[in-house]
Amino acid sequence: METANADVNAPRRVSRRVRVRDRGYRVQERDLDVLMALAKMRLLRTSDLARLFFEATGTCQKRARKLFDAGLVRAVVTDLAAENRYVLTPMGHAFLSEAVPDGESVPVFRPAPRVDRRNVAHLDLLNRYRIALVLGAAKLGVELVRFMPEW
């Protein structure tokens, strides 16, 4: 009796929690922009990163995975059915600090915020508002230089 085997050469799904080392990753200019956004906003969903820097969500997911595998970002999983959220790691902050051109300042490293429904929902709202301001300003040819939520 013959059994149908899955294609041996088919790529296997990799866990969101396990890094795959030595993938031959090269940092691109857009990756530095992603890391800077994470340094400023602390916790961003895949859809937030896609709105800011990518044409397609799939491309965003692939680049975020490469940043994750390189150890520059950490994936925060709040629910298996929800999209990933990414935070900057200390290694990612150090890399960003060395990579940015002189004259551009990198915010001080802050660890990931506490992840519970209330805090994450509030931070998501702040980040969505900030992203809308950034994208709206860019359409007008203006750059948002500073954003300070009133706590």
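**Salt bridges across the chain**

Author: Start with two residues of this predicted model. R85 is buried, and D124 is buried too.

Reader: What do the side chains of R85 and D124 form where they meet?

Author: Look for a nitrogen of Lys or Arg within 4 Å of a carboxyl oxygen of Asp or Glu. R85 and D124 make a salt bridge, at 2.4 Å from N to O. R85 sits in strand β3 and D124 in helix α5, 39 residues apart, so the pair links distant parts of the chain.

Reader: How many salt bridges does a search of the whole structure find?

Author: It finds 5. One of them joins R63 to D31, with the closest N and O atoms 2.4 Å apart. R63 lies in helix α3 and D31 in helix α1, so this pair ties together parts 32 residues apart in sequence. Both R63 and D31 are buried.

Reader: Is E83 buried or partly exposed?

Author: Check the relative accessible area. Under 20% counts as buried, and over 50% as exposed. E83 has 31%, so E83 is partly exposed. R45 has 13%, so R45 counts as buried.

Reader: How far apart are the closest N and O atoms of E83 and R45?

Author: They are 3.8 Å apart, in a salt bridge. E83 and R45 also belong to a network of salt bridges with D48.

Reader: Which pattern does the chain follow along the sequence?

Author: Read helices as α and strands as β. The order is α-β-α-α-β-β-α-α. That gives 5 helices and 3 strands. Of the 151 residues, 34% count as buried.

Notes
Residues are numbered from 1 along each chain as its sequence is written. This is a predicted model: local features need pLDDT of at least 70, side-chain atom pairs count only at pLDDT 80 or more; totals for chains, interfaces and linings use all residues. Side-chain values use heavy atoms; hydrogens and water are left out. Helices (H or I, at least four residues) and strands (E, at least two) are DSSP runs, numbered from the N terminus. Buried means under 20% relative accessible area, exposed over 50%, partly exposed in between (1.4 Å probe, protein chains only).
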